[in-house]
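Please read them with the structure open.

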Amino acid sequence: MSYQSGPTPLSYPARPLEYWLSTELSAVTPANARSRLREIASARGSYMGAWAAGIGIGASLVLLGVVLAVRVGTFALIPALGLPGATIAVLCSVFYVRARDRLPRTGRALVNRGPGSLRGALSFVAFVLLVFTGLFAFTAKPSTWQDPAALLTLATILGFIVCLLVVGIIIPATIAGRSRESLRRKAATDPRFRALLEQDLATWRDPYGNAGYGPL
């Protein structure tokens with residue numbers, strides 16, 4: 001949803017940013033009530049979660065290159081997977097910092113179709129792992145369980161899947177689930193970010209109704 005700026009209508013009471021950020025106001029407001037601060041927090045959390053997932057995926061590629069190099073016995077796999085992984089991690093780190101320190105464009109927020117909380121993410125990851133291990137248990141030959149090499153390969157694959165699930169599901173969901181607390185903490189500790197919120201508070205008006213700037 002996009003927003004426009006304009007002169008202050010007389011119907012809007014003048015409220016300081018501290019009022020809208022207060023935990024007391026948030027506690028007495030329905031969790032699904034719409035506000036500008038909540039949309040900023042949601043968009044910021046979505047972007048930060050996406051870039052954090054990218055950092056984790058890049059790191060996982062580096063780790064996979066090291067593990068495969070040890071398993072196969074050739075170190076050529078380290079730069080083959082490590083260099084792209086490190087590049088992805090560094091680039092995503094840059095964009096993560098940008099998303100953390102700037103106000104997001106709420107009209108272009110990412111659509112998050114994954115779990116929105118740590119509890120939901122853990123349930124989803126547990127379900128995926130249960131399905132994967134169940135399929136393997138039913139389809140693997142009995143001799144596989146007595147082959148150390150096969151078990152080590154299985155452990156490597158399972159470990160990589162767990163890494164991908166952690167960085168791709170659990171970390172973004174945790175960041176998204178704590179987006180409001182993260183925004184409140186950022187506004188309290190970063191004067192530059194708080195100034196951006198103050199400027200946004202002074203210019204933002206809801207063009208579609210009477211939604212307030214907060215609560216958070």
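1. Arg 44 is buried but forms no salt bridge; Asp 101, the nearest side chain of opposite charge, is 5.8 Å away. Here buried means under 20% relative accessible area, exposed over 50% and partly exposed in between, with a 1.4 Å probe and protein chains only. A salt bridge needs a side-chain nitrogen of Lys or Arg within 4 Å of a carboxyl oxygen of Asp or Glu. For charge, Lys and Arg count as positive, Asp and Glu as negative, while His and the chain ends are not counted.

2. This is a predicted model, in which local features need pLDDT of at least 70 and side-chain atom pairs count only at pLDDT 80 or more, while totals for chains, interfaces and linings use all residues. Residues are numbered from 1 along each chain as its sequence is written, and side-chain values use heavy atoms, with hydrogens and water left out.

3. What surrounds Arg 44? This residue is found in helix α3. Leaving aside residues up to four places away in sequence, Arg 44 touches Ala 99, Arg 100, Pro 104, Ser 182, Leu 183, Lys 186 and Phe 193. Contact means heavy atoms within 4.5 Å.

4. The protein chain has eight helices and two strands, in the order β-α-α-α-α-α-α-α-α-β from the N terminus. Both are DSSP runs numbered from the N terminus: helices are H or I with at least four residues, strands are E with at least two.

5. The largest nonpolar core has 15 residues, and Leu 37, Leu 183, Leu 197 and Tyr 213 have the most contacts inside it. At least two residues of this core come from each of α1 (17-21), α3 (36-72), α7 (179-189) and α8 (191-203). A second, separate core has six residues, including Val 125 and Ile 170. A nonpolar core is a set of buried Ala, Val, Leu, Ile, Met, Phe, Trp, Tyr and Cys residues joined through side-chain atoms within 4.5 Å.

6. Among the contacts of Leu 37 are Trp 20, Leu 183, Gly 214 and Pro 215. The peptide bond joining Gly 214 and Pro 215 is cis, with omega about 10°. Pro 215 lies in the segment after β2 (204-205).

7. Zero disulfides are found in a search of the whole structure; the criterion is a pair of cysteine sulfur atoms within 2.5 Å. Cys 92 counts as buried because its relative accessibility is 10%, and Cys 163 counts as partly exposed because its value is 27%.

8. Of the 216 residues in the protein chain, 34% are buried.
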